[in-house]
Amino acid sequence: MRQALTQRRIVITGLGVIAPNGQDVETFWRSVRDGLSAADKVTQFDPGDLPHKVAAEIRDFDPERYLDSKKARRYDKSIKYSIAAAWLAVKDAGISFAHFDPDRIGIAEGTTVSGFDSLFKAHDTFHRDPLQINPINVVNGYCGEGSSMIALELGIQGHAITYCSGCCSSNDAIGYAMNMIQQDEVDLMVAGGADANLLEPLWASFASLKVMTRQNDDPKGAMRPFDRRRDGFVLGEGAAFLVLEELTHALERKTKIYAEVLAHGRSCEAYHSVDLHPEGVGVYRAIEKAMRRAGLHPSEIDYINAHGSATRANDPIETLAIKRF
């Protein structure tokens, strides 16, 4: 009989971020640590008579730091963010994919609306003159274009997949990447996510759902998760990617290691299109699966990075599930 393989351990060896509160890891971490908010009055469009006017925008982003000028003009905004963040993570990990077996590497990207900006532009052009639609808008609007273009720009020839599972898309992408390494399909995965949600039709849609903050006079204090004064989230944009690597592979490279990834858990309540189950059963089951697979007890948890959407519906249910576990 073949001896059972020891479970492969996964570590994080690279970080990359393009966010409203920092376009490098050091600035981003300093903002988070010091509680510096990037929320401000939205400037990318005029919200008009809508009661929501606060957003978290990425400003002064230069895509030509990561792409040639032609591609910088062509790609959808979210794709440019994702390529930049993934490039930064790979650079941080000290990797050259030219020296890798192409079948032992991959990219997993999470997103929710991905290329909506290009689709909206194509729709507007269609109403003016259908013959003038740019075919690039069709390519950019493809939901898997982010992972495809990261693979193309970084030379990742092994595996490329895009996850679209709502607010947990990037978590699921990291979970997928972790499983790929554990199952010995790859030795290294770039995983994370990107979104560029600050688009007028989406803004109006969120406004109709009444889930965005109305704290227009206090942008920096508008995002108030788990606070009795909360009135909704601040819509933002950005990208963040990690390099996940099998432990012995990382040790052989003598690279720095930020953390170990122990487990991932997911669940589906099949309850409602936008509302959580009032007892938080899906949240609870996802936590339970991750903890069981990691072999951890609740007393060993030092920090919880909650969803914390600051909506009246989400926060109490998420709190209930966490306390129950």
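Predicted model: local features only at pLDDT ≥ 70, side-chain atom pairs only at ≥ 80, totals over all residues.
Let me begin with a definition: a residue is called buried under 20% relative accessible area, exposed over 50%, and partly exposed in between.

Let me take the aromatic side chains to start. By that definition Phe116 is partly exposed, because its relative accessible area is 30%. Phe120 belongs in the partly exposed class as well, at 26%. The two rings form one of the nine aromatic pairs that the structure holds. Their arrangement is edge-to-face, with 5.7 Å from centre to centre and 70 degrees between the planes. Both residues belong to helix 4, which covers residues 116-128, and they are four residues apart, about one turn of the helix.

Elsewhere, ring pairs join Phe61, Tyr66, Tyr81 and Trp87 into a cluster. A further contact involves a ring and a charge: the charged end of Arg324 sits over the ring of Tyr284, at 3.7 Å from the ring centre.

I remain with helix 4 for a moment, since it also carries a charged pair. Asp117 and Lys121 meet through their side chains in a salt bridge, at 3.6 Å from N to O. They too are four residues apart in helix 4, about one turn of the helix. What sets the two partners apart is their accessibility. Asp117 is buried, because its relative accessibility is 17% and the limit for that class is 20%. Lys121, at 45%, counts as partly exposed.

Side chains of opposite charge can pair when their charged atoms come close. The structure holds 17 salt bridges, and two of them deserve attention for the parts that they connect.

The pair to consider now is Arg9 with Glu260, whose closest N and O atoms are 2.9 Å apart. Arg9 counts as partly exposed at 45% relative accessibility, and Glu260 is partly exposed at 34%.

The next pair is Lys71 with Glu153, where the closest N and O atoms are 3.0 Å apart. Here the link runs between two helices: Lys71 is in helix 2 (residues 69-74) and Glu153 is in helix 6 (residues 145-154), so the pair ties together parts that are 82 residues apart in sequence. Lys71 is partly exposed at 25% relative accessibility, and Glu153 is partly exposed at 24%.

Salt bridges also form a network, in which Arg8, Arg104, Asp184 and Asp187 are linked.

I turn now to the cysteines. How many disulfides does a search of the whole structure find? The search finds zero. Cys164 is in no disulfide, and its nearest cysteine sulfur, that of Cys143, is 6.5 Å away. Cys167 is likewise in no disulfide; for this residue the nearest cysteine sulfur belongs to Cys168, at 7.4 Å. Those distances can be set against the cut-off, which asks for two cysteine sulfur atoms within 2.5 Å. Is Cys167 buried or exposed? With a relative accessible area of 71%, Cys167 is exposed.

Leu296 is partly exposed, at 31% relative accessibility.

Lys210 has a positive phi of about 60 degrees, although it is not a glycine. Where does Lys210 lie? Its place is in the loop between helix 8 (200-209) and strand 7 (235-246), and at 60% relative accessibility Lys210 counts as exposed. Ala270 also has a positive phi, near 50 degrees, in a residue other than glycine. Ala270 lies in the loop between strand 8 and helix 10, and is exposed at 74% relative accessibility.

Key. Residues numbered from 1 in each chain as written. Heavy atoms only, no water. Phe/Tyr/Trp six-rings, centres within 6.5 Å; stacked < 30°, edge-to-face > 60°. Buried < 20%, exposed > 50% of the residue type's maximum accessible area, 1.4 Å probe, protein only. Lys NZ or Arg CZ within 6 Å of the ring centre and 35° of its normal. Salt bridge = Lys/Arg side-chain N within 4 Å of Asp/Glu carboxyl O.
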